[in-house]
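Morning, everyone. I'll walk you through one part of a model today. Please have a look at the sequence and the structure first.

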Amino acid sequence: MQSTSKRLRVRMRSLEQSSTQESSAHIIASSSDLLSEFLLLRLPIKSLLKFKSVSKRWLSLITDPHFSRRKNHINPTPAASALFLRRPSPLANPLFTFIPLDPSQTTPPFTSLNFIDHPRGIEILQSSNGLFCCSSIEYNDSYNLKYYIYNPTTKHFTTLPPLSGGVVLGINLAFDPSESHVYKVVCVQRCESSYDHVLIHIYSSETGPWRASGGPFPAPASMEFSGGVYWNGAIHWVSPREASLYFDLSEETVREMLMPSLPDGFDERGIRYFGESLGHLHLGEIYKDFTSQLNVYEMERDRSGWFLKFRVDLNGVAVAFPDLIEGYLEENDYYHYSFSILCVVRGEKEEDSFLVLHIPGKIIGYNFNSKSYQEICDTDCPLTFDRSYAFQYIESLSLV
């Protein structure tokens with residue numbers, strides 16, 4: 001009898017616990033705040049995209065602007081999980097090669113951009129923390145280009161207002177979800193009244209139309225305004241022969257950017273990479289007579305200067321991947337080593353940081369800490385030394 005009574009008490013406690021669990025689950029499921037806090041915010045973005053189809057209420061929660069901002073606050077600046085390479089092509093509707101950097105990235109979000117119908121297609125100009133700045137393709141008609149901000153994760157886009165004035169020298173996207181949900185677009189145009197001066201216009205997702213920022217200012221002829229990099233509240237531009245600049249978005253001022261010292265006997269920078277990862281700004285350089293040595297510099301947070309962060313011995317890489325060497329070129333030739341730097345990827349831990357290289361027929365990763373190499377994938381994408389044909393892909397729910 002005592003045994004039976006004990007079994008009944010155990011059974012009753014089990015039923016009470018089950019009832020409590022079911023009640024808790026019901027409370028969470030019936031409360032938007034609790035559902036968002038305890039479940040949805042903790043899920044990876046890939047899962048959230050699938051769960052949008054569970055119910056209308058889940059769809060409403062996941063697409064709510066407040067939810068996306070809270071999600072960004074939890075993990076504001078993740079590292080790139082993949083890259084897109086722009087394939088050189090004179091044809092309309094350009095194709096992009098998808099390079100996964102994370103094993104979970106198996107399916108490319110797109111191979112060509114068709115979020116809007118355009119006769120010649122759409123190309124990517126820049127990427128910034130999950131958003132792409134894109135433009136229509138207009139041969140010999142740069143004045144009629146249309147510009148877009150596109151989120152490749154959510155497939156949402158917005159069309160920027162038309163630009164007027166001088167020739168556009170560069171469109172630069174500035175977005176940092178750790179600081180604000182607002183993105184800005186910085187346009188550099190040639191001044192119509194003075195060929196060696198430029199003007200800056202700014203578009204803000206919060207305030208809308210393009211507006212002029214300051215007056216015309218002289219710009220170095222070799223400045224690459226199309227290759228600007230957003231980091232630490234400013235757009236940065238490098239020049240191989242003259243002064244490099246940055247544009248502080250909060251103060252809306254242009255200042256000269258300090259650069260590493262040139263080696264003796266050189267009057268032009270051997271820039272092979274300029275980019276940002278996980279809040280770090282990097283510059284990669286190689287010089288003739290030192291072609292086997294790739295130096296990767298990092299900018300001090302206060303912009304007081306650069307320091308040597310990584311050094312890569314390309315001879316070691318060439319042992320593992322002989323196709324890296326162009327046999328018909330002398331060893332001191334600038335292009336003796338046939339490669340392009342696609343990205344410097346910083347890890348949460350220092351030992352997880354690596355370099356992504358494009359060599360003939362392959363994409364490879366080089367771990368800075370272990371000095372080890374790994375083949376990421378084969379590719380038939382033509383090798384180019386253009387520094388602006390690789391774009392970081394970061395999953396994001398950020399609104400456009």
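Start with a pair: R86 has F96 in β2 as its bridge partner. Before I go on, two remarks on the source. This is a predicted model, where local features need pLDDT of at least 70, side-chain atom pairs count only at pLDDT 80 or more, and totals for chains, interfaces and linings use all residues. Residues are numbered from 1 along each chain as its sequence is written, and side-chain values use heavy atoms, with hydrogens and water left out.

Back to strands. Here, helices (H or I, at least four residues) and strands (E, at least two) are DSSP runs, numbered from the N terminus. Two strands pair if DSSP finds at least two bridges between them. In general, strands of a sheet pair through backbone hydrogen bonds, either parallel or antiparallel.

Now β1, residues 82–86. On one side, β1 pairs with β2, residues 96–100, in the antiparallel sense over 5 bridges. Another bridge partner in β2 is I99, which goes with L83. β1 also pairs with β23, residues 390–393, again antiparallel, over 4 bridges.

Are the residues of β1 buried or exposed? Buried means under 20% relative accessible area, exposed over 50%, partly exposed in between, with a 1.4 Å probe and protein chains only. In β1, 5 of 5 residues are buried. A82, F84 and R86 point one way, L83 and L85 the other way.

Next, C381. This residue lies in the loop between β22 (373–378) and β23. C381 counts as buried because its relative accessibility is 4%. Contact means heavy atoms within 4.5 Å. Leaving aside residues up to four places away in sequence, C381 touches L85, R86, R87, T97 and H358. P360 is 21 residues from C381 along the chain, and their C-alpha atoms are separated by 8.7 Å.

Last, a helix. In α5, residues 65–74, the residues F67, S68, K71 and N72 are buried. They cover an arc of only 135 degrees around the axis, so they sit on the same side of α5. That arc is taken from the directions from the helix axis to the C-beta atoms.
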